[in-house]
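The structure comes first, followed by the terms on which the description rests.

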Amino acid sequence: MPDLRVSPTTVLTPGQVKTDILSGLTVALALVPEAVAFSFVAGVHPLVGLYAAFLVGLITAIFGGRPGMISGATGALAVVMVALVAQHGVEYLFATVVLMGILQLIAGALHWGKFIRLVPHPVMLGFVNGLAIVIFLAQLTQFKEPGTGGTEWLTGLPLVIMLGLVGLTMLVVWGLPKLTKIVPAPLAGIAITAVVVILFGLDTPRVGDMASIQGGFPPFHIPAVPLNLETLHIILPYAVILAAIGLIESLLTLNLVGEMTGQRGGASQECMAQGAANVVTGFFGGMGGCAMIGQSMINVKSGGRTRIAGIAAALFLLSFILVASPLIELIPLAALVGVMFMVVIGTFAWNSLTILRKVPLIDAFVILLVTVVTVYADLAVAVVVGVIVSALAYAWNNARRIHATTYLTPEGAKVYQVQGPLFFGSSEGFIELFDVTNDPSLVVVDFAASRVVDQSALQAIEALAAKYESQDKTVQLRHLSRDCHRLLSKAGHLMVDSDDDPDYQLAVDYGVRTGILGGH
């Protein structure tokens, strides 16, 4: 079999194919309890979550923007779905998932995925840390007595056995790579712990104690909801929220996996794949999904690098549902908890704890803020809050940068050399730079070291010119960059009294036309 380069950093060899298939098996095993648990959170049958994990995982593995990334039913979406299911039933959930997918397809077609570049690094660190904590907290539910509805914790010997098996799994996952990498460490950890439990007949919670995962192929099913505006009014708000959360989590995971595997791009392609996956899932009785950072980390750290890993994970999951459910239901939950705990340890950005004192205070605050909001609210809110705070901090820092130096020309004109961007945050400070009362009859504002950015900047220039005009003084603008020239020309501020520069071919001084924006 010839070597095939499937990415700048990955060559498809027989060894890589084997690694991808085994990594896919590991991911599929870890997907089972997650999908079942998230089904319970959303208030739907476990097969609704398992079908979503299969369909979303398969379609995004084939068409997604990042080979090696895993998608499926997620807790971030489940907590939003629970209110819809409780009030209107599962059929409205299926319709919502279809609409969610359509919105994501629109976002992909419009290339909105590129806006993920605007997410600052401190927000990324907060996102990673917050999701690591969420994954950790989600595993704690496995330490509760099966059949009690999650109200009673394990105690005594059952708790000791559970903790011991979790520790054994973590030890295998940590130690095996130091000896061999023939088998993915998480898969070996699950297998060894399962063998220990079965051989010694240990009484510990197993996958089957959560729910039966046995079922058939996902059946095609048109959501049984009225096709009218009332239905749209019910499902649209949920669909918008779910689409936003799904795309934000998927695109941030895309970036994170890309950093680990040396891959770039694919944001719009991932949006399209997520949208198509959710549209299909809604018509096959699934609860919808998005990228899963935990399972993606398992895959990447197990050596999964190509689309084969994600496809294998989805097909293994389907085989569990169809034929292997009795065997999979014997796997102890402790083994899967141990794997996820190692994911938490590997996902959490531990270096962020040491750099908090080294980075600017606002960046440290954003890291902590996004982490806390991710844990206590949801991912979409956390990222939006983090971006807003970072943007406001950036605007404030730039607003303080504007200043000017002055000198008098031999002709008696006063020149203000403005430095720093002129935008909404610095417009007030810009006007305060000028001594309108004591300045001579001609004032030149030199923008060689500045930029005119927005409507607030235009308003400030007009207000300044109006102040000088009221005292029979003249303002001229000099050294406008081409983008600033276009902005001022479009607004109608520039007065060109010379034929030398009808299309900004020469650097001349411009008069300012007032009374356009009414800013005086």
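## Basis

A pocket is an open set of points, on a 1 Å grid over the protein atoms alone, where a 1.4 Å probe fits and with protein on both sides within 12 Å along at least five of seven lines; lining residues have an atom within 4 Å of a point. Grid points are joined across faces, edges and corners, and a volume is the space filled by probe spheres set on the points.

The model is predicted, with local features needing pLDDT of at least 70 and side-chain atom pairs pLDDT 80 or more, while totals for chains, interfaces and linings use all residues. Residues are numbered from 1 along each chain as its sequence is written, and side-chain values use heavy atoms, without hydrogens and water.

The largest pocket holds about 1000 Å³ of space, and of its 45 lining residues Ala-37, Phe-38, Val-41, Ala-138 and Thr-141 are the closest to the centre.

The second largest pocket, of about 490 Å³, is lined by 20 residues, with Trp-112, Ala-244, Leu-247, Ile-248 and Leu-251 nearest its centre.

## Nonpolar core

A nonpolar core is a set of buried (under 20% relative accessible area, 1.4 Å probe, protein chains only) Ala, Val, Leu, Ile, Met, Phe, Trp, Tyr and Cys residues joined through side-chain atoms within 4.5 Å. In the largest, of 118 residues, Leu-252, Met-287 and Phe-320 touch the most other members. Apart from it lies another core of 28 residues, including Phe-430 and Tyr-510.

Notes. Buried < 20%, exposed > 50% of the residue type's maximum accessible area, 1.4 Å probe, protein only.
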